[in-house]
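Q: I would like to learn how to read a structure, one feature at a time. Where do we begin?

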Amino acid sequence: LVPDFFTKHRIEAIQDVFNDLDSSGGLTLDLQEAAPFFQYVIAQALNVELTSKQYEELFYVVDTSLTSEIGMGEFVQFIAVFKKVQRDHELALTGGVSSHGKVSKGRKVTHHLTMLKPMLNMEELNKISQ
């Protein structure tokens, strides 16, 4: 999705963030551990506030293993997909063109979040996180 983004330094930084969020030390993130991260990155990158229900829905979209926990591979995958969503959102705000063609200003953020589900392909990023 964004191959130039994943340098060795960034992977290490992502691992550090993941470890900091993992307050239980279980090497996975549950909803309570992941929600503050989602809240921060979405507010900072997209300048929106989601409801608790939307954060929960996002968590279960990212949880592709259906374990009610997010592993490092899923976390890295979320970062990759979110970078693309963020780029498309920025293009939408400026009236630019996204990878999906012309994007209108004012596109709803919920649409960006629903884009996450079909883009989640763990095979590529499982290699990175191992």
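This is a predicted model: local features need pLDDT of at least 70, side-chain atom pairs count only at pLDDT 80 or more; totals for chains, interfaces and linings use all residues.

Q: Which residues of helix 1 are buried?

A: I11, I14, F18 and L21 are buried in helix 1. Look down the helix axis: the buried residues fall within an arc of 85°, so they line one face of the helix.

Q: Why do residues three or four places apart point the same way?

A: An α-helix has 3.6 residues a turn, so a step of three or four places points the same way again.

Q: What span should helix 1 have, at 1.5 Å a residue?

A: Helix 1 covers residues 8-21, which is 14 residues.

Q: Now charges. How many salt bridges does a search of the whole structure find?

A: Start with the general idea. Side chains of opposite charge can pair when their charged atoms come close. Here the search of the whole structure finds one salt bridge. The side chains of E12 and K8 form it, at 3.9 Å from N to O.

Q: How many residues apart are E12 and K8 in helix 1?

A: They are four residues apart, which means about one helical turn separates E12 and K8.

Q: What is the relative accessibility of E12, and what is the relative accessible area of K8?

A: E12 has 42%, so it counts as partly exposed. K8 has 65%, so it is exposed. The cut-off for exposed is over 50%.

Q: What caps the N-terminal end of helix 2?

A: D30 does. One of its side-chain oxygens lies 3.1 Å from the backbone nitrogen of Q32.

Q: Which residues of helix 2 are buried?

A: Helix 2 runs over residues 31-46. Its buried residues include L31, F37, F38, V41, I42 and L46. E33 is buried as well. Just after helix 2 comes N47, with a positive phi of about 60°.

Q: Next, a loop. Where is D63 found?

A: D63 sits in the loop between helix 3 (52-62) and helix 4 (72-94).

Q: Is D63 buried or exposed?

A: D63 counts as buried, because its relative accessibility is 2%. The cut-off for buried is under 20%.

Q: Which residues does D63 touch, not counting residues up to four places away in sequence?

A: D63 touches S68, E69, I70 and E74. With S68 there is a polar pair: a polar atom of the D63 side chain lies 2.7 Å from the backbone nitrogen of S68.

Q: What is phi of S68 near?

A: Phi of S68 is near 65°, a positive value in a residue other than glycine. S68 lies in the loop between helix 3 and helix 4. At 40% relative accessibility, S68 counts as partly exposed.

Q: What separates the C-alpha atoms of M72 and Q15?

A: A gap of 7.5 Å separates them, and along the chain M72 and Q15 are 57 residues apart. M72 lies in helix 4 and counts as buried, at 12% relative accessibility.

Q: Let us step back. How many helices and strands are there in the protein?

A: There are seven helices and two strands. From the N terminus on, the order is α-α-α-α-β-β-α-α-α.

Q: What percentage of the 130 residues in the protein do buried residues make up?

A: Buried residues make up 44% of them. The accessible surface of the protein comes to about 7500 Å², and 53% of that belongs to carbon and sulfur atoms.

Q: Among contacts between residues at least 6 apart in sequence, what percentage join residues at least 24 apart?

A: In this protein, 62% of those contacts do.

Conventions:
Residues are numbered from 1 along each chain as its sequence is written. Side-chain values use heavy atoms; hydrogens and water are left out. Buried means under 20% relative accessible area, exposed over 50%, partly exposed in between (1.4 Å probe, protein chains only). A polar contact is a pair of N or O atoms within 3.5 Å; within protein, one must be able to donate a hydrogen and the other to accept it, and residues adjacent in sequence count only if both atoms are side-chain atoms. Contact means heavy atoms within 4.5 Å. The expected span of a helix is 1.5 Å times one less than its number of residues. The arc is that of the directions from the helix axis to the C-beta atoms. Accessible areas come from the Shrake-Rupley method with a 1.4 Å probe; for residues, only the protein chains shown count as cover. A salt bridge is a side-chain nitrogen of Lys or Arg within 4 Å of a carboxyl oxygen of Asp or Glu.
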